[in-house]
Amino acid sequence: MQTTQLYIDGAFVAPHAGGSFEAINPATETAFARIAAGTAEDVDRAVRSARRAFDQGPWPQMPAADRAAALRRIARGITERLTEIAAVETRDNGKPIPEAEWDVGDAAVVFNYYADLAESHEADGAQSVDLGDDAFTGTVVTEPLGVVGAITPWNFPLLMAVWKVAPALAAGCTIVLKPSEFCSVSCAILAEIINAAGLPAGVFNLVTGTGPEAGAPLADHPLVDKLAFTGSVPTGRKVMTAAAAGIRTVSLELGGKSPFIIFEDCDIEKAVEWILFGIFWNKGEVCSATSRVLVQRGLYPRLMERLVEATEAISIGPGGAEGVKLGPVVSKQQYDKVLAAIEAGKSTTARLVTGGGRPAGMNTGYYIAPTIFADVPTDAAIWREEIFGPVVCVNPFDTEDEALALANDSAYGLAGAVMSDDLERCERVASKLRAGVIWINCSQPTFTQLPWGGYKSSGIGRELGKAGFMGFREIKQITRYDHTRSWGWYLKP
Ligand code: NAD
């Protein structure tokens with residue numbers, strides 16, 4: 001069985017302590033690879049290497065065109081190995097192959113996008129600012145931020161890492177990546193691709209390992225300038241605490257409980273299609289999943305009927321099998337967590353209208369039937385807390401104001417969606433939803449060009465788009481005084 005390696009200072013190495021752990025295929029519950037278990041010593045070596053590469057290396061000073069060329073080589077490397085990486089992603093995470101192929105294709109798009117952005121940002125040059133005083137001129141420039149510690153989750157194992165690695169490298173930063181211990185194999189392949197692309201040693205480093213043994217030492221490391229984290233709220237809080245101790249920049253992409261408001265003028269087939277995509281795509285293991293659906297009362301009974309029928313027709317099975325639309329959840333831990341949330345839901349007055357446990361006859365693999373609760377009390381945990389699995393709550397509403405109040409009544413603010421044939425109403429609702437990502441007449445399609453991130457407990461900062469690049473740049477002002485003049489404050493001219 002293959003054992004992955006760490007990638008530190010331009011070389012593939014075994015972890016200092018020599019440990020490894022299993023990568024489990026959630027469709028078979030069996031191990032298919034072993035993952036190098038990095039610890040604090042490995043993190044320290046990786047961070048010191050990234051520090052040297054930043055402070056002494058050519059990478060931050062390189063013309064953007066040279067960095068962009070390297071990023072485009074990485075994009076090509078991903079594209080060339082797309083089928084292989086997608087198969088790994090499916091084996092590790094459980095998602096159906098077409099979804100994995102989509103993710104991996106997107107990862108290449110992200111590298112190409114940030115290659116272009118690095119060049120156009122440099123071409124824009126310094127920004128001159130009128131200071132209203134002809135003795136002074138002012139300019140604003142941006143510079144690479146420094147050494148980045150990136151900690152990522154398992155739901156889009158490669159793509160969530162690439163959302164950080166690509167803009168950080170494009171911006172001239174150096175980076176240490178710590179992917180999730182539940183899905184690390186595709187990031188080990190990314191290290192091979194980056195190695196083949198010929199980046200200077202130390203610019204990109206990979207330390208796989210568990211959260212406490214590898215993630216925490218990275219978050220605590222004093223030589224890291226920025227922590228870029230995607231994961232759960234409790235871990236995000238720990239990472240932010242570590243960043244506070246060192247006064248380091250931090251970006252947090254956290255959880256969500258996103259609403260989807262459906263007005264009664266909608267076409268039922270379109271509404272059902274987007275509800276399904278909004279919650280069952282990627283098994284509901286999506287931070288922006290629209291897991292709270294609000295349906296206007298006039299449409300509610302008919303929509304529920306069609307929604308249940310379509311949900312029960314979803315093909316469940318191993319991600320590698322033809323036609324499968326819902327794979328197993330990622331791990332035994334996640335399986336237990338989602339089932340516990342469903343059981344808690346059953347003990348409320350909510351109606352379980354379909355699903356609610358393991359699909360009949362599927363005895364191996366972490367499978368959970370797509371589950372719908374209706375008429376859910378709004379103080380119930382299933383309505384308020386992120387489940388991160390194929391579970392959706394649906395409630396009726398009467399007026400637009402009521403829908404908005406219910407939608408915004410959440411600790412989270414990552415995403416929200418609205419559906420209506422009245423486009424003015426859609427725009428009005430979009431402007432009143434308190435979330436960083438809004439979909440009109442759809443749910444979930446995500447574009448590299450648009451900024452991604454949450455309000456409230458869903459996080460701090462933005463990834464993707466230009467904002468995602470600027471998150472890895474420092475801003476510097478330069479104030480120049482006319483050297484032919486005397487200042488004349490203490491000394492007479
Ligand atoms: P998690 O918080 O359990 O783990 C995330 C990462 O943090 C992993 O790499 C883990 O090893 C590491 N980690 C764990 N303990 C740590 C510690 N003490 N110090 C430093 N690092 C530590 O999250 P998860 O279960 O992997 O991912 C699911 C969560 O991610 C969900 O809440 C989901 O909403 C969120 N998510 C958010 C976005 C977004 O863009 N907002 C995207 C994807 C996932």
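**Ligand contacts, cysteines and a surface patch**

Me: In this predicted model, which residue has a polar backbone atom 3.3 Å from an oxygen atom of the ligand?
Reply: A pair of N or O atoms counts as a polar contact within 3.5 Å. The ligand oxygen lies 3.3 Å from a polar backbone atom, and that atom belongs to G231.

Me: How many disulfides does a search of the whole structure find?
Reply: A disulfide requires two cysteine sulfur atoms within 2.5 Å. C183 is buried at 0% relative accessibility, and its sulfur is too far for a bond because the closest cysteine sulfur, in C187, is 9.4 Å away. C393 is also buried, at 1%, and its sulfur is 18 Å from the closest cysteine sulfur, in C287, again too far for a bond. Over the whole structure, the number of disulfides found is zero.

Me: Is W489 buried or exposed?
Reply: W489 lies in the segment after β22 (473-481). Together with Y481, W487, Y490 and L491, W489 makes a nonpolar surface patch of about 780 Å². The cut-off for exposure is a relative accessible area over 50%; W489 has 66% and is therefore exposed.

Methods:
Residues numbered from 1 in each chain as written. Predicted model: local features only at pLDDT ≥ 70, side-chain atom pairs only at ≥ 80, totals over all residues. Heavy atoms only, no water. Patch = residues over 30% accessible without salt bridge, like charges linked within 9 Å, V, L, I, M, F, W, Y side chains within 5 Å. Areas by Shrake-Rupley, 256 points an atom, 1.4 Å probe, with all protein chains shown as cover. Salt bridge = Lys/Arg side-chain N within 4 Å of Asp/Glu carboxyl O. Helix = DSSP H or I, 4+ residues; strand = E, 2+ residues; numbered from the N terminus. Buried < 20%, exposed > 50% of the residue type's maximum accessible area, 1.4 Å probe, protein only. Polar contact = N/O pair within 3.5 Å; in protein donor to acceptor, adjacent residues only side chain to side chain.
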